[in-house]
Amino acid sequence: MAGWVGLLWVLEAVDVISGHRLDTFGITPRKTGELLDIVPAAFTHFGFGHVASNSLPLLVLGFIAALRGIGRYLAVAFTIIVISGLGVWLVAPAHTNTAGASGLIFGLFGYLLIRGFVDHRALDVVVGLIVGVLYGSILWGVLPSATGVSWQGHLFGLVGGVAAAFLFRERDAISSAR
């Protein structure tokens with residue numbers, strides 16, 4: 001996760017040095033060509049403050065999610081990024097540009113929150129409850145309250161995390177619990 005977050009900082013440095021040319025990889029809603037920007041948008045930010053605000057939650061939630069294995073983490077992260085990006089593409093206001101890792105953060109939050117219940121694993125339920133207590137206040141971010149903040153990316157990221165918990169559930173854990 002340190003490498004992932006480090007990459008976000010390097011990309012923002014490249015963005016600043018290039019005169020913010022990477023900002024074009026954000027998602028502009030309902031333009032077919034912008035569908036190609038859904039994944040890159042999760043790695044692009046609008047300034048160092050934007051990257052800084054996403055770094056710690058991504059480190060913590062990503063690390064916890066990755067404890068089940070890098071392959072599973074990458075599948076979960078990709079699912080969240082795609083669902084969050086598609087949601088932004090479909091619902092965000094016209095002529096806006098959305099980028100950043102916060103959709104992934106909200107998705108990891110949702111994934112960790114319910115993964116234990118889906119997998120029927122007591123330890124993961126406890127982890128989910130701790131994550132809920134520590135990061136539960138981010139749920140306000142799914143409401144359209146702040147100008148310039150993509151509640152759409154947050155909401156659909158959360159939906160993507162819940163979907164990922166079901167898509168990538170541990171079938172052995174479920175069948176042994178029955």
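**A network of salt bridges**

Mentor: Let's start with Arg 121, which is partly exposed because its relative accessible area is 30%. Keep in mind that this is a predicted model. The partner of Arg 121 is Glu 170, and the closest N and O atoms of this salt bridge are 3.2 Å apart. The two sit 49 residues apart, so the bridge links distant parts of the chain: Arg 121 is in the loop between helix H5 (102-119) and H6, while Glu 170 is in the loop between helix H7 (151-167) and helix H8 (171-177). Glu 170 counts as buried, because its relative accessibility is 15% and the cut-off for buried is under 20%.

This pair belongs to one network, in which salt bridges with shared partners join Arg 68, Arg 72, Arg 115, Arg 121, Asp 124 and Glu 170. Now look at Asp 124, which counts as buried at 3% relative accessibility. Its side chain meets that of Arg 68 in a salt bridge of 2.5 Å, N to O. Here too, distant parts of the chain are linked: Asp 124 lies in helix H6 (residues 122-135) and Arg 68 in the loop between helix H3 (48-66) and helix H4 (70-91), 56 residues apart. Arg 68 is partly exposed, with a relative accessible area of 28%.

Asp 124 also forms a salt bridge with Arg 115, at 3.3 Å from N to O, and both of these residues are buried.

Conventions
Residues numbered from 1 in each chain as written. Predicted model: local features only at pLDDT ≥ 70, side-chain atom pairs only at ≥ 80, totals over all residues. Heavy atoms only, no water. Salt bridge = Lys/Arg side-chain N within 4 Å of Asp/Glu carboxyl O. Helix = DSSP H or I, 4+ residues; strand = E, 2+ residues; numbered from the N terminus. Buried < 20%, exposed > 50% of the residue type's maximum accessible area, 1.4 Å probe, protein only.
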